[in-house]
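I opened this model to go through its backbone exceptions, its chain contacts and its charged pairs. My entries follow in the order in which I looked things up.

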Protein chains: 2
Amino acid sequence: VGSTKNRRKHIKNSFLLGSSIALGTSSCDEPKTDLKARTNKKLKTHKWKMVTTWPKNFPGLGTGANKLAKYIEDLSDGRISLKVYGASELVPALGVFDAVQRGSVQIGHGASYYWQGRHPATSFFASVPFGLNAHEMNAWIYYGGGQELWHKLYKPFGLLSFPAGNTGVQMGGWFNKKINEPRDFKGLKVRMPGLGGRVLSKLGATVVTLSGGDIFQALKTKNIDGSEWVGPYNDLAIGLHKAAKYYYTPGWHEPGTCLEALINKKAFNELDDHLKSCVELACKAANQDMMSEFTLKNSLALSEVVKNKEVEILRFSDSVLSVLKETSNSVVKDISEHDEISKEIYDSFKNFKEACMDWDKASEHSFSLARQVKSAK
Amino acid sequence: VGSTKNRRKHIKNSFLLGSSIALGTSSCDEPKTDLKARTNKKLKTHKWKMVTTWPKNFPGLGTGANKLAKYIEDLSDGRISLKVYGASELVPALGVFDAVQRGSVQIGHGASYYWQGRHPATSFFASVPFGLNAHEMNAWIYYGGGQELWHKLYKPFGLLSFPAGNTGVQMGGWFNKKINEPRDFKGLKVRMPGLGGRVLSKLGATVVTLSGGDIFQALKTKNIDGSEWVGPYNDLAIGLHKAAKYYYTPGWHEPGTCLEALINKKAFNELDDHLKSCVELACKAANQDMMSEFTLKNSLALSEVVKNKEVEILRFSDSVLSVLKETSNSVVKDISEHDEISKEIYDSFKNFKEACMDWDKASEHSFSLARQVKSAK
């Protein structure tokens with residue numbers, strides 16, 4: 001799958017970039033658990049390796065993986081020790097699935113849509129265009145039957161996954177030209193991986209593949225007309241606000257991307273019940289934590305963009321969104337035709353989405369509007 | 001403080017109600033940890049009591065407290081055992097603060113605005129009118145300095161608190177008359193506790209105090225004109241859709257109510273570092289979990305309301321919201337004048353809110369709008 005190869009290149013390069021950013025504060029690389037393990041020496045201990053699809057300490061995502069590792073060590077009182085590897089340190093970013101499946105490592109941190117090549121339905125457990133926001137993804141997975149379907153999907157691979165982070169709604173991308181009508185995508189050269197890219201290419205865009213580290217130069221020199229990356233926090237870190245003028249909302253293609261802790265089932269089953277709880281609840285706490293970090297960091301970063309007079313924050317027009325939505329729905333529906341489990345996941349996801357849209361409108365959306373209402377005086 | 005007394009009455013009565021609903025599935029009342037504790041017998045064990053401001057097994061809130069207790073037991077491998085008491089089983093709902101402060105119990109589950117009478121700034125750590133949504137509350141507390149301020153506020157009481165659940169945006173209430181203009185509140189008899197009630201009374205409403213169990217009858221017989229409760233999940237459980245015709249959005253008065261695990265500091269400090277981590281991360285996982293449950297259950301319940309032809313779901317008009325907002329801002333600002341720590345908390349909260357409003361607009365809000373756009377065909 002093309003998008004998979006692209007991701008590999010992109011993540012490899014961003015790694016170099018990530019190293020120079022070096023925002024990470026976690027220090028969970030070294031097993032510092034010998035003392036604790038000795039105290040508990042009658043109880044079985046486990047040495048785990050965690051491989052990640054992120055550059056080491058990559059802001060939000062890589063630091064989120066570090067945090068998950070630390071939570072597991074803390075909760076297990078050191079009975080599970082973890083060494084975290086950034087992308088390409090032990091295996092390439094897109095080698096995480098294979099490595100965890102083989103059992104050469106016990107756990108991975110990434111996003112399940114990277115494994116579209118293994119099974120197209122993996123996308124539903126990360127994000128699909130016009131899908132669910134973060135609250136809804138969590139509600140579907142924890143309470144709406146999503147977790148059971150995820151286990152069922154990964155069972156033939158000898159794997160299991162828990163949610164372990166969320167980016168929230170991403171941004172729609174940086175563009176050098178205004179997109180007023182759906183036809184404006186025609187002939188544009190845009191960097192957008194995955195299902196979002198498939199949608200744009202159906203609208204006549206030339207979808208190109210570029211690593212994170214190459215976006216800035218390509219946009220700046222107008223070699224491409226537009227590119228998505230993540231959100232303000234990550235986008236500003238690679239300088240995209242100095243490369244393009246128009247910053248579009250919303251991230252219709254990734255409205256609440258769930259990150260996963262991908263675990264080798266045999267390794268998981270070697271844990272006693274207590275340690276299994278530690279892993280599962282560490283994931284749940286890490287899930288909460290990452291979303292909170294992104295909410296704060298994206299808010300602060302967007303404030304910078306708002307102050308920047310060189311950048312215009314624009315919203316895709318309703319006519320553009322309407323066509324993006326229709327095309328997205330058909331691209332997502334295509335997945336359901338792959339096999340029986342894909343259909344089952346698609347139906348569950350779609351039914352849940354339909355059930356929660358009215359509530360979103362009446363709650364978060366309605367309050368957000370209320371807070372924006374101008375004062376009477 | 002009047003609203004505190006009202007809450008007490010309301011919660012006591014809802015307890016009776018809650019018992020008959022009996023939705024809880026948790027069974028963490030009995031310490032089932034003797035075996036585990038023996039395995040770890042060299043390590044110190046702790047018997048904790050958890051008192052709650054909710055009726056036992058009250059949907060979402062009481063079951064959330066049960067879940068927190070279970071998480072702490074599981075993560076500590078039984079080294080902390082917990083017995084959970086519903087409101088009035090051991091102490092009255094509004095006796096939780098005192099009981100935990102005294103140390104007769106070690107932990108409480110409730111919402112910090114119940115302790116407004118102890119210190120008005122406690123409201124900021126639950127919810128204030130036109131304040132923060134759930135993502136933002138968590139971002140402020142975990143990453144924006146909120147947790148440190150919360151510790152500082154509770155220090156003189158010998159207490160500390162962690163977030164341990166969130167209801168999300170609540171609903172604006174059930175009314176028998178339409179509210180078209182701000183002046184329509186004048187002379188209305190409305191049940192709304194806390195700061196929201198203070199706002200409505202400034203707009204000329206007669207704010208009455210009624211327990212949860214009495215709302216249905218009062219609304220049905222038109223003894224009152226309107227009442228808030230929680231959200232669709234809890235509101236339908238007490239039959240409010242059969243008592244009033246107009247269901248208003250949004251819950252401007254409680255846009256993302258954070259629940260707290262209130263802990264006696266001395267008891268907490270008797271825990272070793274590992275157990276401290278267990279408690280803190282159990283709270284973080286419980287926080288994530290409750291919001292996910294409310295998102296699902298409120299979505300399903302609202303779908304029922306939408307189908308119900310006897311009920312109209314309405315949104316407060318911009319002119320109403322504008323006046324509610326202005327009045328709310330002044331009521332919330334009043335708190336800042338109480339003392340130095342109130343001012344510090346108010347400033348931190350307000351600055352954070354200002355920083356994150358643009359991001360909310362560009363992310364969750366913009367995506368929600370996009371998903372509502374009509375299809376082109």
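**Backbone.** I found Pro250(B) in the loop between strand S9 (246–249) and strand S10 (258–264) of chain B; helices (H or I, at least four residues) and strands (E, at least two) are DSSP runs, numbered from the N terminus. A cis peptide bond joins Thr249(B) to Pro250(B), with omega about -10°. Pro250(A) sits in the loop between strand S9 (246–249) and strand S10 (258–264) of chain A.

I then checked phi. Asn57(A) is not a glycine, yet its phi is positive at about 60°; for Asn57(B) I read a positive phi of about 65°. Asn57(B) is in the loop between strand S1 (46–52) and helix H3 (61–75) of chain B. I logged these entries because most residues other than glycine have a negative phi, and most peptide bonds are trans.

**Conventions.** The model is predicted, so local features need pLDDT of at least 70 and side-chain atom pairs count only at pLDDT 80 or more, while totals for chains, interfaces and linings use all residues. Residues are numbered from 1 along each chain as its sequence is written, chains are lettered from A and ligands numbered from 1 in the order in which they are written, and side-chain values use heavy atoms, with hydrogens and water left out.

**Interface.** How many residues of chain A are in contact with chain B? I got 80 residues of chain A against 81 of chain B, contact meaning heavy atoms within 4.5 Å. The buried area is about 7400 Å², and carbon and sulfur atoms give 62% of it; this is the accessible area (1.4 Å probe) that two parts lose on being put together, summed over both. In chain A, Tyr143(A), Trp359(A) and Arg371(A) lose the most area to chain B, together 13% of what that side buries.

I counted six salt bridges across the interface of chain A and chain B, each a side-chain nitrogen of Lys or Arg within 4 Å of a carboxyl oxygen of Asp or Glu. One of them pairs Asp360(B) with Arg371(A), the closest N and O atoms being 3.4 Å apart.

**Asp289(A).** Is this residue buried or exposed? Asp289(A) is buried at 3% relative accessible area, where buried means under 20%, exposed over 50% and partly exposed in between (1.4 Å probe, protein chains only). Asp289(A) belongs to helix H11 of chain A. Beyond its neighbours within four places in sequence, Asp289(A) is in contact with Lys67(A), Tyr71(A), Tyr143(B) and Lys284(B). A network of salt bridges links Asp289(A) with Lys67(A) and Lys284(B).

**Other charged pairs.** Glu293(A) and Lys297(A) form one at 2.6 Å, N to O. They are four residues apart in helix H11 of chain A, which means a separation of about one helical turn. Glu293(A) is buried at 10% relative accessibility, whereas Lys297(A) is partly exposed at 23%.

In chain B, Asp272(B) and Arg79(B) meet in a salt bridge of 2.8 Å, N to O. This pair links distant parts of the chain, 193 residues apart. Arg79(B) is buried at 3%, and Asp272(B) is partly exposed at 29%.
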